[in-house]
Amino acid sequence: MTTNAFRLGALAAVGTLTLTACFSSGAASGDTENRARVAMLQPPRSGLSQFSDDAFKLSRWSTAETLITLDDLGDAEPGLATGWNRVDDRTWSFDLRPDVSFHNGTPLDASAVVTALTAATTAAPKPRILDGVELTVSATDDDTVAVSTKDIDPLVPQRLSSPQLSILAPEAYSGGGSDPVGTGTGPFVLTAVDGTSGATLDRNDDYWGEPAKLSGIDVDFVPDGTARAAALRNGTADVVEAIPVSQADNIDRSLVHEVPMPRTNTLYLNTASGVFSDPAMRAVAREAVDEDRLVDQVYEGRADIANGLLGPALPWAADRPARTETPAGDATGKTITLATFTDRAELPEVAVLLQQELEAKGFVVNQVVREYQFIETDALSGAFDAFILSRATVLDSGDPVAYMYSDFACDGSFNISQFCDPQVDAALDGASATEPGNERRAAILAAEKLILERDAAIPMLHERVVQGESEAITGVARDPRERILITNQTSFE
């Protein structure tokens, strides 16, 4: 039996989605023993466009890189830019790393950076990190770029750390979107993508930094959580994203690693139309949520009860101001549609318990559950009364303002709640303009207070990701921000 046939058979035995033949794609390299097999949670939603959340896959595979990286505290560090300075209130200058080439052999220079960042500013939809930001980029000389913003923005360096603003070779943008195959700068070259099934990456022997210890990465996209867990147990994957908590106890403890996440399981309520356009009905939904029950019964204690949008991964958020709550009305006989997706195995279970809790308050609840790629458009268009989402709160810049703007500003690009409040917009604008530090954190918590008082979204719990790693592999990143996973230091013992 071939290696690939064994893998497929092992997963077929559990009656779930099988890992595809992608894991065998490294055979052509002649070094299959030194290739990491990775089972990822979600398939690409936008053809691996860096302007979408697919960018985080490119980052986690160490194929696309950014001008700036972030340290553990969220402070800016050099990436493809070695240094930067603030020229004036609205302009920053970035010095590019010398002697860097893209995977297609073209050099990294100021013109390439201008092409990449300008493509991001004109993309439709625009990358989430640029919500509310008008940004222009120009070449000062061959090795320096100037980045200017219409409004004063103290977080420009942190914004440029977002994987959605990765720098790809100019040819990546020739088709109007972005094509990451063979156009990154990282220690691994993306050589092939098999639709929503898998991807193949090989070591970049010309990497500007320390070359990767692995010869390559073979990726399968496996939305089914039971299948991902089975892949780890059966030894058919070396690294597994997001093992469902229901499966964690069935796996050798030495293979399971909990990572505290700045990720909040949130119930978004449609504030623009339907039952929840009434603040009193949103208040009923807030009172219906039993966070303790969700943590105990669905997450088996592997989560933290939410007191706000921002969780224990941001310790300063615990010092939040007191809130005034809207009184609840009478929901008897009110019909609502509650939706979520299957990609995160816990969410349909959360939906079942929430339906029970909402019905206990008098609501008549209809459920809609699909894969995320088939439900996102409806969620963003306001097709549902309520939507359960596992939401990263500092995914883009290391700072939660971008997430809060995206989700709760009138023109936010990820506004599932269809929420618009001028007072909240003003608070978010104020927080965005405040310099990093204690004053900015206070402004963020003031904006959070306004959002929560209006019950636009009900934070339920803060997740911990359960990441699986085989005993043979080492140097896998355990990143709360979900930006890095396989790095140039990942290797087999």
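Contact here means heavy atoms within 4.5 Å of each other. Helices (H or I, at least four residues) and strands (E, at least two) are DSSP runs, numbered from the N terminus. Keep in mind that this is a predicted model, where local features need pLDDT of at least 70, side-chain atom pairs count only at pLDDT 80 or more, and totals for chains, interfaces and linings use all residues. Residues are numbered from 1 along each chain as its sequence is written, and side-chain values use heavy atoms, with hydrogens and water left out.

**View 1. Helix α13 and its packing partners.** The buried residues of α13 pack against α11 (401-408), α12 (422-433) and β17 (457-469). "Buried" means under 20% relative accessible area, "exposed" means over 50%, and "partly exposed" is in between (1.4 Å probe, protein chains only). Helix α13 itself covers residues 438-453, 16 residues in total. From first C-alpha to last, α13 reaches 23 Å, close to the 22 Å expected at 1.5 Å a residue; that expected span is 1.5 Å times one less than the number of residues. Its buried residues are R440, I444, L445, A447, E448, L450, I451, L452 and E453. As a rule, an α-helix has 3.6 residues a turn, so residues three or four places apart point the same way.

View 2. Look for D455, which sits in the loop between α13 and β17. D455 has a positive phi of about 55 degrees although it is not a glycine, and it is buried, with a relative accessible area of 2%. Q418, in the loop between α11 and α12, also isn't a glycine and has a positive phi of about 55 degrees. Q418 is partly exposed, at a relative accessible area of 25%. D421 lies in the loop between α11 and α12 and is buried, with a relative accessible area of 16%. Leaving aside residues up to four places away in sequence, D421 touches C410 and R454.

**View 3. A cis peptide bond at P125.** The bond from A124 to P125 is cis, with omega near -5 degrees. You'll find P125 in the loop between α3 and β6.

**View 4. Helix α5, mostly tucked away.** Of the 9 residues of α5 (residues 225-233), 7 are buried, so this helix is largely enclosed by the rest of the structure. Those buried residues are G225, A227, R228, A229, A230, A231 and L232. At the start of α5, a side-chain oxygen of D224 comes to within 3.0 Å of the backbone nitrogen of T226. After the helix comes G235, with a positive phi near 75 degrees.

View 5. A salt bridge is a side-chain nitrogen of Lys or Arg within 4 Å of a carboxyl oxygen of Asp or Glu, and the structure holds 29 of them. One joins E241 and R60 (2.8 Å, N to O). E241 is in the loop between β11 (239-240) and α6 (245-248), while R60 is in helix α2 (residues 55-60), 181 residues apart. Both E241 and R60 are buried. Another joins E435 and R86, with the closest N and O atoms 3.1 Å apart. E435 lies in the loop between α12 and α13 and R86 in strand β4, so this pair ties together parts that are 349 residues apart in sequence. E435 is partly exposed at 41% relative accessible area, and R86 is partly exposed at 30%. Finally, D249, E258, R302, D304 and R464 are linked in a network of salt bridges.

Key: Polar contact = N/O pair within 3.5 Å; in protein donor to acceptor, adjacent residues only side chain to side chain.
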